[in-house]
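Here is a friendly walk through one chain, in questions and answers.

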Amino acid sequence: MGAALLSEFATEIVVPVCAVIGIVFSLVQWVLVSRVKLTSERHASGSNKNGFGDSLIEEEEGLNDHNVVTKCAEIQTAISEGATSFLFTEYQYVGIFMIAFAILIFLFLGSVEGFSSKSQPCTYDKEKTCKPALATALFSTISFLLGAITSVLSGFLGMKIATYANARTTLEARKGVGKAFIVAFRSGAVMGFLLAANGLLVLYIAINLFKLYYGDDWEGLFEAITGYGLGGSSMALFGRVGGGIYTKAADVGADLVGKVERNIPEDDPRNPAVIADNVGDNVGDIAGMGSDLFGSYAESSCAALVVASISSFGVNHDFTAMLYPLLISSVGILVCLITTLFATDFFEIKGVNEIEPALKKQLIISTVLMTVGIALVTWIGVPSSFTIFNFGAQKAVKNWQLFLCVGVGLWAGLIIGFVTEYYTSNAYSPVQDVADSCRTGAATNVIFGLALGYKSVIIPIFAIAISIFVSFSFAAMYGIAVAALGMLSTIATGLAIDAYGPISDNAGGIAEMAGMSHRIRERTDALDAAGNTTAAIGKGFAIGSAALVSLALFGAFVSRAAISTVDVLTPKVFIGLLVGAMLPYWFSAMTMKSVGSAALKMVEEVRRQFNTIPGLMEGTAKPDYATCVKISTDASIKEMIPPGALVMLTPLIVGIFFGVETLSGVLAGSLVSGVQIAISASNTGGAWDNAKKYIEAGASEHARTLGPKGSDPHKAAVIGDTIGDPLKDTSGPSLNILIKLMAVESLVFAPFFATHGGLLFKIFQ
């Protein structure tokens with residue numbers, strides 16, 4: 001077997017040091033962003049590469065208006081206050097749920113052995129004694145709360161950074177597109193690195209603290225750690241659904257009345273829903289996405305750790321090999337740090353057409369560097385041969401096979417990212433065909449868009465399928481868990497690219513509201529269009545990794561619940577499969593309807609203001625922004641409860657009443673159908689959005705024949721975009737949380753279900 005080359009002491013140092021480096025790097029980026037001042041003093045003379053103090057366009061054109069800077073600062077404050085107040089309201093509700101669910105975890109897991117505090121035989125090795133079930137209950141509850149708090153913090157910090165950076169990006173756009181890009185990207189990096197490093201550090205500290213009590217009982221220790229993933233994902237669910245409903249209610253309301261009925265541009269300050277729309281970008285796309293990816297990261301780490309604890313790593317107490325998942329994430333932070341410098345310091349963006357390639361290069365550079373990083377970690381962090389637990393047996397694995405498992409996940413992520421980009425970027429034919437179909441009205445646009453979404457599922461599913469086959473063949477369920485970690489190993493870069501989108505979108509909105517010149521709006525639009533595509537790439541990553549994470553958790557659940565085989569031909573399992581496959585549809589129906597009903601209220605309010613406030617269309621009176629913000633807040637808080645309850649209660653109800661076999665069917669069914677719907681919904685919405693932007697930008701001969709803004713094809717494109725909004729920003733992204741969350745929840749409650757579950761079948765036997 002042999003031991004890893006890296007000593008236990010070295011591992012204890014490497015992991016926290018990498019996490020701290022990540023946190024320090026994000027703070028440095030934040031300091032650099034904060035050097036762009038939101039005051040109208042003259043900049044210091046003397047130019048440097050990052051352009052603090054270059055001459056402004058306005059000054060060259062002789063219209064240096066200091067009011068513009070003041071206006072930008074005012075708008076930024078309004079957006080920031082709206083986002084903060086919404087998140088605080090959301091977290092109050094989520095906090096109540098968190099405490100209630102923590103009590104539930106403790107009661108359910110504690111009751112497995114009747115709350116006894118005696119040691120018990122281990123689950124997988126009956127000759128050894130392990131810590132009592134009561135300890136697992138207590139520590140699972142603690143790790144659940146840790147995961148939940150870290151998740152909430154990740155989302156909140158991300159939102160704060162984004163609202164801090166949006167107006168600064170707008171002001172930098174006056175100096176050129178390159179300067180604005182650097183500010184937006186740096187701010188995204190702050191969020192990416194903070195989240196990756198915090199997630200790693202908290203998990204590392206939790207493992208070491210729990211170890212003080214558990215000692216040599218690693219099986220119990222890592223079973224308790226799974227609560228961390230459950231906490232992370234349950235908060236992400238409410239963040240994603242609540243934020244998604246908020247942002248899309250405002251967006252749909254603002255678009256339908258403003259653009260289609262009143263023919264005013266997007267983000268026009270006369271539109272009452274415009275502040276709510278910009279707040280929505282931050283609470284949905286930033287806070288929601290941050291919590292979501294943190295949840296994926298926490299769960300894939302937990303799934304890998306649980307399987308490793310009952311493999312030779314855990315049995316032989318090889319701490320370095322045991323922490324292999326954390327070592328991958330540590331190297332990922334260093335790799336992403338180097339990658340980020342390529343975008344901000346090594347190369348400078350000069351023209352609009354260089355933005356998208358720069359973002360795509362980020363993905364490629366991080367993937368190539370990470371491949372080397374994984375090879376290094378696998379070589380020094382894992383013994384040359386070891387065994388992995390495989391449904392009751394131990395499977396012999398070599399370290400190069402483990403490297404291939406992580407590598408295949410990493411590259412599958414890149415493939416999914418690029419396929420998503422091909423189907424959602426207006427530089428390629430699929431979106432251009434959708435734009436072209438707007439000639440004959442909204443109906444053909446909708447038909448083409450739906451077809452594009454369904455077709456875009458094909459290659460990602462093959463990529464996921466191949467990575468599952470390769471990683472499972474080599475290293476069983478552990479292979480799948482580390483493949484998911486491979487896909488998420490470059491999470492800091494992925495999040496930086498993802499957060500860049502909403503920041504640029506906000507920057508464009510602020511430019512429009514502050515009445516800045518057309519040239520500046522063109523620059524922010526170019527940043528935003530690239531951001532739209534990268535947001536779609538980010539969603540692709542999130543969905544792909546969710547599929548792998550969910551499967552790894554499913555494997556861990558099946559092992560923990562002592563199910564020997566999941567046989568589809570038994571009625572218990574088959575009914576579970578059918579019901580599981582239906583759940584993503586039920587969930588999507590709830591979230592879509594929530595957006596629809598909230599948008600309806602928003603449309604009525606915006607119409608009311610246009611009709612009753614004299615001088616609003618002329619621009620002499622100010623709209624009442626606060627009422628629209630309140631409509632979005634109230635709707636999303638009220639509407640996020642039912643979809644959240646559906647996801648959280650399903651595993652509990654199925655496990656208690658129908659038992660673990662039926663629950664395994666439900667998990668498999670929801671995974672298989674959820675992934676397909678999530679990919680098609682995200683890509684359909686992204687394509688409609690970019691088809692509209694393609695017509696608006698009028699950059700090619702073909703686009704100009706469809707435009708300008710306000711033409712019939714453009715109106716058809718706006719309708720398509722509006723239909724796509726809830727698909728790409730509410731239902732689609734929330735589905736990946738549904739499939740992960742149900743799996744991790746089943747794993748945490750597995751001891752209870754295995755002991756007391758299946759009440760109905762017990763009665764009727």
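Helices (H or I, at least four residues) and strands (E, at least two) are DSSP runs, numbered from the N terminus. This is a predicted model, where local features need pLDDT of at least 70 and side-chain atom pairs count only at pLDDT 80 or more, while totals for chains, interfaces and linings use all residues. Residues are numbered from 1 along each chain as its sequence is written, and side-chain values use heavy atoms, with hydrogens and water left out.

Q: Why is Phe 554 called buried?
A: Phe 554 is part of helix H17. Buried means under 20% relative accessible area, exposed means over 50%, and partly exposed is in between (1.4 Å probe, protein chains only). The relative accessibility of Phe 554 is 14%, so Phe 554 counts as buried.

Q: What is Phe 554 in contact with, leaving aside its neighbours within four places in sequence?
A: Contact means heavy atoms within 4.5 Å. By that rule, Phe 554 is in contact with Val 566, Ser 664, Leu 667, Ala 668 and Ala 743, once neighbours within four places in sequence are set aside. As for Tyr 500, it lies 54 residues from Phe 554 in sequence and 33 Å away in space, C-alpha to C-alpha.

Q: Why does Ser 233 count as buried?
A: Ser 233 sits in helix H6. Its relative accessibility is 0%, so Ser 233 counts as buried. Beyond four places in sequence, Ser 233 is in contact with Gly 295, Glu 299, Ile 737, Lys 740 and Leu 741.

Q: What makes Ser 80 buried or exposed?
A: Helix H3 (residues 66–110) holds Ser 80. With 17% relative accessibility, Ser 80 counts as buried, because the label is given by that value. Setting aside neighbours within four places, Ser 80 is in contact with Lys 160 and Thr 163. Ser 80 and Ala 514 are 434 residues apart along the chain, and their C-alpha atoms are separated by 16 Å.

Q: How do you know that Ala 598 is buried?
A: Ala 598 belongs to helix H18 (residues 571–612). Its relative accessible area is 1%, so Ala 598 is buried. Not counting residues up to four places away in sequence, Ala 598 touches Ile 245, Ala 249, Ile 631 and Ala 635.

Q: Why is Asn 263 called partly exposed?
A: Asn 263 lies in the loop between H6 and helix H7 (274–309). The relative accessible area of Asn 263 is 49%, which means partly exposed.

Q: What is the phi of Asn 263, and what is that of His 317?
A: Asn 263 has a positive phi of about 60 degrees, although it is not a glycine. For His 317, also not a glycine, phi is positive and near 55 degrees. Most residues other than glycine have a negative phi. His 317 is found in the loop between helix H8 (312–315) and helix H9 (319–322), and its relative accessible area of 29% makes it partly exposed.

Q: What makes a set of residues a nonpolar core?
A: A nonpolar core is a set of buried Ala, Val, Leu, Ile, Met, Phe, Trp, Tyr and Cys residues joined through side-chain atoms within 4.5 Å. The largest one here has 231 residues, and Phe 181 and Ile 225 are among those with the most contacts inside it. Helix H5 (residues 177–214) gives the most to this core, with 23 residues. Apart from it lies another core of 18 residues, including Val 419 and Tyr 423. Phe 181 is in contact with Ala 343, Ile 349 and Tyr 500, among others beyond four places in sequence.

Q: How do you know which parts of the model to read with care?
A: pLDDT is the predictor's confidence in each residue, from 0 to 100. The chain averages 89, and 96% of the residues score at least 70. Over residues 42–55 the pLDDT stays under 50. Where pLDDT is low, the predicted coordinates should not be read in detail.
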